[in-house]
Amino acid sequence: GGLAGITGPILGSVASDDLDEAVASMRVLERVALSGVAAAEGVCLADGAVQKIVSAAEKHRAAADIRGAIAGLLEALVRSGSDDCPIMIAHHATPIIVALAKTSDPDMQVRALKLLRSLSLVGVNKFTMQKGYEAIHQLVPLLARQDPAQQALVAEILAHMASTDNAFYGENAKALGEARALKPLMVLAKSRDSVVHRNATWCLAAMSACEKNHVPMRACIDTLLMVVERGTPVAQRYAVMAVSNMAATHRTREILREKGAEGILRKCAHNNAGDRMLTDLIHKTALHNLKRNGTQVFNIPAP
C-alpha cells in the first residue's frame, strides 16, 4: 500500500530528460509492480504510464542502463498476474520490446523474446501486435539467429501469434507466408535440437491453416514428410496436421500423393500405435483429406 502510494509522483520522472532520474524511477516502479497484482495495475493503468516508458526508451535509446530498467519494469508488469497489464503493454510497447530483441546484447535479446512470448499468449494481443506493429514481419528475420534457445523462442512466438481461433486467425497465418517465414522454418524443422525442431514444425502447421499459404508451401512437403517419418512425437503430430491441411487443397494434395504421403502416414500410425492423438489425426483427418477434399485442422493447439 505504501509503495503503491508513491506511484504517481514517480511516474512523472520516468520520461525525464535526465537518464539517471529515468532509470531510478523505473527501478522504483519495478519494485512496486513486484509487490502484487493491484500495485502492478496501479502502475500500468495510471494515465499515460506505458507511453511514458516508451518515451523514455526513445529518448535514451543509446544507453544500456535504460534498456535494463525498461526490461525489468516490463517483466514485472507482464508477470504480475494481471489480465490488463499484458494487453496495455502489447498495445503501446510492442515496438520497444522488439527493439530490445534486436540489440547486440544476447542476454537482453532473450529477455525481450521471453516478454514477447508472454504477450503472444493473450488472444487479443495476437491481433494488436500484428495489426498495429507487424510483429510477425519484424520477428521472422530473427529465425536466422544461431543460438538454439533464441531459434526456439522466435518460432514459438510466431506459432502462438498464428495459432488462434479468433476472427483474425487467417490474417496472422497468412502474414507468416508474406513475411517469408517458410525457408527458415524448413531449416529449423530439421534441427537436432528437439525444441527448435518441434516449434518450427508447429509454426509450419500454423502456416498451413491458411489456404492462401498452401501453394507456396509445396516447397516444404519433403520436410514435413521427413518429420512424419523421423520426427519427435509432438513434431510428428504437427507435421501430420500440416499435411492434413495441405491435403485439403487440390494442387498440394496431388503432390502429397505423388510423394507417397499415404504410405508414410500409414507407417507412422503403425509405428506409433500407442499415441491415440497421432493415430486419430492420421486415420480420421490426414488420410481422409488425401483421398478427397476433406476438412482442415484450423485451430493448431500449443504443445
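Helices, in what follows, are DSSP runs of H or I with at least four residues, strands are DSSP runs of E with at least two, and both are numbered from the N terminus. By that convention, the protein has 19 helices and 0 strands.

Before I go further, a word on the source: this is a predicted model, in which local features need pLDDT of at least 70 and side-chain atom pairs count only at pLDDT 80 or more, while totals for chains, interfaces and linings use all residues. Residues are numbered from 1 along each chain as its sequence is written, and side-chain values use heavy atoms, with hydrogens and water left out.

Let me begin with the overall picture. The C-alpha trace spans about 70 × 35 × 30 Å along its principal axes. I shall call a residue buried under 20% relative accessible area, exposed over 50%, and partly exposed in between, using a 1.4 Å probe and protein chains only. On this scale, 54% of the 303 residues of the protein count as buried. The accessible surface, from the Shrake-Rupley method with a 1.4 Å probe and, for residues, only the protein chains shown as cover, comes to about 13,100 Å², and carbon and sulfur atoms supply 52% of it.

A contact here means heavy atoms within 4.5 Å. Of the contacts in the protein with a separation of 6 or more, 72% are accounted for by residues 24 or more positions apart.

I turn now to charge. Lys and Arg count as positive and Asp and Glu as negative, with His and the chain ends not counted; the place of a charge is taken as NZ of Lys, CZ of Arg, CG of Asp or CD of Glu. The protein has 34 positive and 29 negative side chains, and the centres of the two sets lie 10 Å apart.

How many salt bridges does the structure hold? Taking a salt bridge as a side-chain nitrogen of Lys or Arg within 4 Å of a carboxyl oxygen of Asp or Glu, the structure holds 12. I shall discuss three of these pairs.

One of them joins K59 and D17, with an N to O distance of 3.2 Å. This pair links distant parts of the chain, 42 residues apart: K59 belongs to helix α5 (residues 49-59), and D17 to the loop between α2 (7-14) and α3 (19-34). K59 counts as partly exposed because its relative accessibility is 41%, whereas D17, at 63%, is exposed.

Another pair is E178 and K174, whose closest N and O atoms are 3.7 Å apart. Both belong to helix α12 (residues 169-178), and because they are 4 residues apart there, about one helical turn separates them. E178 has a relative accessible area of 48% and is therefore partly exposed; K174, at 31%, counts as partly exposed too.

R257 is partly exposed at 38%, and E254 is partly exposed at 27%. Elsewhere, salt bridges that share partners join R276, D280 and K284 into one network.

Next, consider N289, in helix α19 (residues 276-291). Is N289 buried or exposed? N289 counts as buried, because its relative accessibility is 0%. A polar atom of the N289 side chain lies 2.8 Å from the backbone oxygen of S244. That is a polar contact, meaning a pair of N or O atoms within 3.5 Å; within protein, one must be able to donate a hydrogen and the other to accept it, and residues adjacent in sequence count only if both atoms are side-chain atoms. Leaving aside residues up to four places away in sequence, N289 touches S244, A247, A248, R253, G294 and T295.

E134 has a positive phi of about 50° although it is not a glycine; E134 sits in the loop between α9 (123-133) and α10 (135-139) and is partly exposed at 44%. R180, also not a glycine, has a positive phi near 60°. R180 is found in the loop between α12 and α13 (182-189), and with a relative accessibility of 70% R180 counts as exposed.

A99 lies in helix α7 (residues 84-101) and is partly exposed at 43%; the C-alpha atoms of A99 and R67, 32 residues apart in sequence, are 9.8 Å apart. G263, in helix α18 (residues 261-271), is partly exposed at 43%, and its C-alpha is separated by 9.7 Å from that of L287, 24 residues away along the chain.
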